[in-house]
Amino acid sequence: MSADRHADAEAADGEESVAEAAEARPAAARDGSASLPGPGSLPDTARSFGDDPLLSVADVAVSFGDLDVVSGVDLRVEPGSLVGLVGPNGAGKTTVLRAVTGAVEPDAGTVEIGGDPAASLSAKAVGRRVASVPQATNLAFDFRVRHVVEMGRTPHLGRFDAHGVADDEAVDAAMAAADVERFADRSITEVSGGERQRVLLARALAQAAPLLLLDEPTASLDVNHAVETLELVRAFVDDGDRGAIAAIHDLDAAARYCDEVVVLANGGVRAAGPPEDVLSASTVGAAFDAEAFVGRDPATGAPAVTAFPHSDVGPRRVHVIGTGRPAARAVARLAAAGHEASVGVVPAGDAAAGAAADAGATAVTAPPFEAPSAAAVAAARSLAADADATLVVGSEGLGPPDAPRGPNAEVAAAADRVVSVAADASGAELLDAVAAATADEE
């Protein structure tokens, strides 16, 4: 049994000695040469659990009285990974995190931290393995900010230990990393909610645990600090020895920063895996009871989720004529509403073609700056002829009645029902136009 686990076992009976507490502290902290959190470094946790994951949750169920909150929850956090918990309000994200720390006791299933049952570990032992950043930032006492961060060192101190040099260095570096050192001497009651959230993050970093739990870590932060917080968490896990699990409301942020996303909804896990596999329109729509379009963020390459209100139009086959962002918006909204959309003829690489690819829709393309081939026009004509409605976005390719008729005018001529909308038409206007064009088929 390792020294760390020996100390954990001894701590479980509440009689941990000063010597055992010192032995349980990270080696770097004992010799005063810790690699500490800061702009260029983060805590050296000095923990190794062999082949065991940092966290394993198996078939966990939690209820409060007669209310079943979650059941059958399975998830793992491996070293070097950031796992995101996403789902609607009330789905049980916070409850799952509280079950990990022991704040609530599961009715069924197991929680293991570093290979050991969480229930077998003392609170101090759990604190050496798991650091938490709670969603609620209210603190009952009027502590100075630095004193709050110093609380993160408690799991590493024996009963009669005072803070040493390594502890002070850990606190200094954690405050620098979370950008809170400038109000170190201010009362915690005198800082804003967002600043308080960063103080709690600093406390967790100073704790130097290998597993970081975060409950809505960016909920109270401005855009700048939200990005910095997630970048810091990403840096925390990227050395390969640490891991994190975070409940996140922002699906785009989860897609950008998480290695794995676990979708909680309707009392259980609805999907789990890499963001590009899990954050599909169908999964997001079912979990959040909304219509969704999942595209690709052009800046990050990560999935980008757009949610829309429910529409009452029955699904139809709709061919879109138009190019650029207006046509792309039309394809995205139609696809989110459950319509079978297609588009064309459009230049290869056009935004509308990209939206069609993201939606799994058909796009008929032609090389940019070239007239489309006869085969391309024929393919688009066939789609328009088979569609329940053809939606012309703007006047792209049609022109006034007395103008030479372009290839997209030939496509429109093949359709039985053609309806035009302005290039800046709203999503509701697009859906209303389709509904009006197909009203006789209801």
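Predicted model: local features only at pLDDT ≥ 70, side-chain atom pairs only at ≥ 80, totals over all residues.
Trainee: How many bridges join β1 to β4?
Mentor: Strand β1 covers residues 55–64, and strand β4 covers residues 108–113. The two run antiparallel. Val57 stands opposite Val111 in β4, and Leu55 has Ile113 as its bridge partner there. The number of bridges joining the strands is five.

Trainee: Which residue takes a positive phi in the hairpin of β1 and β2?
Mentor: Two residues lie between the strands of this hairpin. The phi in question is near 65°. The residue that takes it is Gly65.

Trainee: Which are the edge strands of the sheet of six strands?
Mentor: This open sheet has the order β6-β7-β8-β3-β9-β10, with mixed pairing. An edge strand here pairs on one side only. The two edge strands are β6 (130–133) and β10 (268–273).

Trainee: By what angle are neighbouring strands of this sheet turned against each other on average?
Mentor: The value ignores strand direction. It is an average over neighbouring strands of the sheet, and it comes to 15°.

Trainee: What is the bridge partner of Leu214 in β8?
Mentor: Strand β7 is joined to strand β8 (residues 243–247) by five bridges. These strands run parallel. In β8, Leu214 has as its bridge partner Ala246.

Trainee: What angle does the direction of α9 make with that of β8?
Mentor: Helix α9 spans residues 223–237 and packs on the sheet. It touches β3 (82–86), β7 and β8. Its direction and that of β8 make an angle of about 150°.

Trainee: Is α13 roughly parallel or roughly antiparallel to α14, and why?
Mentor: The axes of α13 (residues 324–336) and α14 (residues 351–359) come within 7 Å and cross at roughly 15°. Angles under 35 degrees count as roughly parallel. Therefore α13 is, relative to α14, roughly parallel.

Trainee: How many residues of the contact of α13 with α14 are nonpolar?
Mentor: Helix α13 passes α14 in a right-handed crossing. On the α13 side the contact has Gly324, Arg325, Ala327, Ala328, Val331 and Ala335. They meet Ala351, Ala352, Ala355, Ala356 and Ala359 in α14. One residue of the contact is polar, one is charged, and the nonpolar ones number nine.

Trainee: Is Ala209 buried or exposed, and why?
Mentor: Ala209 is found in the loop between α8 (193–207) and β7 (211–215). Its C-alpha is 9.0 Å from that of Val126, though the two residues are 83 apart in sequence. Buried means under 20% relative accessible area. Ala209 has 2%, so Ala209 is buried.

Technical notes:
Residues numbered from 1 in each chain as written. Heavy atoms only, no water. Helix = DSSP H or I, 4+ residues; strand = E, 2+ residues; numbered from the N terminus. Buried < 20%, exposed > 50% of the residue type's maximum accessible area, 1.4 Å probe, protein only. Pairing = 2+ DSSP bridges. Axes fitted to C-alpha atoms, helices over the stretch in contact; angles between N-to-C directions. Parallel < 35°, antiparallel > 145°, perpendicular 65-115°, else oblique. Left-handed = near helix turned anticlockwise from the far one by under 90°. Contact = heavy atoms within 4.5 Å. Nonpolar A, V, L, I, M, F, W, Y, C, P; charged D, E, K, R; others polar.
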